[in-house]
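I opened this notebook to record what I looked up in one structure. The entries follow in the order in which I made them.

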Amino acid sequence: MAAGFKTVEPLEYYRRFLKENCHPDGRELGEFRTTTVNIGSISTADGSALVKLGNTTVICGIKAEFAAPPTDAPDKGYVVPNVDLPPLCSLRFRSGPPREEAQVASQFIADVIENSQIIQKEDLCISPGKLSWVLYCDIICLDYDGNILDACTFALLAALENVQLPEVTINEETGLAEVNLKKKSYLNIRTHPVATSFAVFDDTLLIVDPTGEEEHLATGTLTVVMDEEGKLCCLHKPGGSGLTGAKLQDCMSRAVTRHKEVKKMMDEVIKSMKPK
Amino acid sequence: VEGAMQADAKIRTESATESGPRGPSCSLRHFACEQNLLSRPDGSASFLQGDTSVLAGVYGPAEVKVSKEIFNKATLEVILRPKIGLPGVAEKSRERLIRNTCEAVVLGTLHPRTSITVVLQVVSDAGSLLACCLNAACMALVDAGVPMRALFCGVTCALNADGTLVLDPTAKQEKEARAVLTLALDSVERKLLMSTTKGLYSDAELQQCLAAAQAASQHVFRFYRESLQRRYSKS
């Protein structure tokens, strides 16, 4: 009976639950789904992380390669993110060139990296003007159930914490790079940006961590990326219903709490992997 | 007769705000708008903000491909062409922002199973590009007669390292700023429709920018009104 009602009138079905201030799966409106993170699972990558946010599963793999630094910034390296939403993760994605959703997510991750200065690009430079590291961050969604941006940001952060770069010296005589795989060092992660996504229903109600169906029914979405000092790296609101300043303020406070939760999880994970 | 009517409609309106050098208090650049300048699209507008200029054309409500049609709403599509080069991922991201902003105001349910296409061409970029695109899109939608429940406008705020706010920054000011926020506000309740930001800033600064943007949007909406009044008072 409930399943029938849900198919015919999905919005009404959701409204019944929202009136009681909860999700159909029993979550509170301000509660996130169970988050789990697993790092270092891909042995062929220099750094990797798998994040599960409820059913949404995202894996991030980072490969480090050599490249010549850009001519207008010879002391900087590159960080190249790419978000891939393959047909595996959801029925709505077909095979072919990257869809708009994937491109928007890639641009969002690139903006977060740029704005939050998560790593100094100068740290990636080996020899100014000649050689630098380029970090290819491939973020692949394995299961799409809403809130992809939060999961991607978290996966990227966890994977970057996991990356170990070998020491590289430039041989003076030959001019070639010599890589010492025995000596590896972690990246210097300066800030920890954490994304919190909200969905707006009926122009008034704000819910945290929308699932796939809720995103589809929502009249607007909002993603706030905050770092530990409470500074905002990104306020991504791609259209949708209007929000007043007061509602934005509520979102900020929720984002601060979420940041604490995620930071705690990250610290535990890092502690578990460091003594090696 | 049609040619004469079009010539009458092509009135270049100047904004009421000052166009002199920017003072320390937040003032917008000189802006100008021209409507109905293209013959093929159902509606078109050219919006100028200082030296930034964007040309917008709207086709619709028109026929839609069966794969893209929505049974109870109009399908909105936005195409943004940069001045040089091919459109890339950044353009796709901006198209999504503009499209969702338009979807929030356009009354799509009045034209189900149709498509409304907004094509934007960047003519010159001297800072505050996304805001100019939004304004041009709004004027073009009005020119095409697409039913909307509110008008919208784009305002860009730049925050400097010392915390000062500059509205409608030039390209140079954007580069030197610590953070650049582009906000879209609606005309009825001045609510925040769209926001995209670059750089780091605090919560309090966000509220400050929002308040400044709401004040600035008054000017822009007044300019829209004057522009349209002048256009329709003659014909």
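**Entry 1: The second largest cavity**

I looked up the second largest cavity, and its volume is about 50 Å³. I noted the rule: on a 1 Å grid over the protein atoms alone, a cavity is a set of points where a 1.4 Å probe fits but cannot get out, and lining residues have an atom within 4 Å of a point. Grid points are joined across faces, edges and corners, and a volume is the space filled by probe spheres set on the points. Rolling a probe the size of a water molecule over the atoms shows where empty space is left.

The model is predicted: local features need pLDDT of at least 70, side-chain atom pairs count only at pLDDT 80 or more, and totals for chains, interfaces and linings use all residues. Residues are numbered from 1 along each chain as its sequence is written, chains are lettered from A and ligands numbered from 1 in the order in which they are written, and side-chain values use heavy atoms, with hydrogens and water left out.

I then listed the lining of the second largest cavity, which includes B:Phe31, B:Phe47, B:Asn135 and B:Asp168. Two or more of the lining residues come from each of β3 (43-49) and β7 (152-159) of chain B. I recorded that helices (H or I, at least four residues) and strands (E, at least two) are DSSP runs, numbered from the N terminus. The largest share, three residues, is that of β7(B). By class I found five nonpolar, four polar and one charged residues in this lining. Here Ala, Val, Leu, Ile, Met, Phe, Trp, Tyr, Cys and Pro count as nonpolar, Asp, Glu, Lys and Arg as charged, and the others, Gly among them, as polar.

**Entry 2: The largest cavity**

I found four cavities of 30 Å³ or more, and the largest has a volume of about 70 Å³. Among its lining residues are A:Val51, A:Phe154, A:Pro193 and A:Arg258. I saw that α4(A) gives the largest share of this lining, five residues. The lining divides into nine nonpolar, one polar and two charged residues.

**Entry 3: A:Arg258 and its partner**

Which residue forms a salt bridge with A:Arg258? I found A:Glu261, with the closest N and O atoms 3.1 Å apart. A salt bridge is a side-chain nitrogen of Lys or Arg within 4 Å of a carboxyl oxygen of Asp or Glu. Both A:Arg258 and A:Glu261 lie in helix α6 of chain A, three residues apart, about one turn of the helix. An α-helix has 3.6 residues a turn, so residues three or four places apart point the same way. A:Arg258 is buried at 4% relative accessible area, whereas A:Glu261 is partly exposed at 34%. Buried means under 20% relative accessible area, exposed over 50%, and partly exposed in between (1.4 Å probe, protein chains only).

**Entry 4: Other salt bridges**

I counted 21 salt bridges over all chains. In chain B, the side chains of B:Glu176 and B:Lys172 meet in one of 3.4 Å, N to O. Both of these residues, B:Glu176 and B:Lys172, are exposed.

**Entry 5: Helix α2 of chain B**

Among the buried residues are B:Glu91, B:Arg96, B:Ile98 and B:Cys102.

Key:
1 Å grid on protein atoms, 1.4 Å probe; cavity = no way out; pocket = protein on both sides within 12 Å on 5 of 7 lines; lining within 4 Å.
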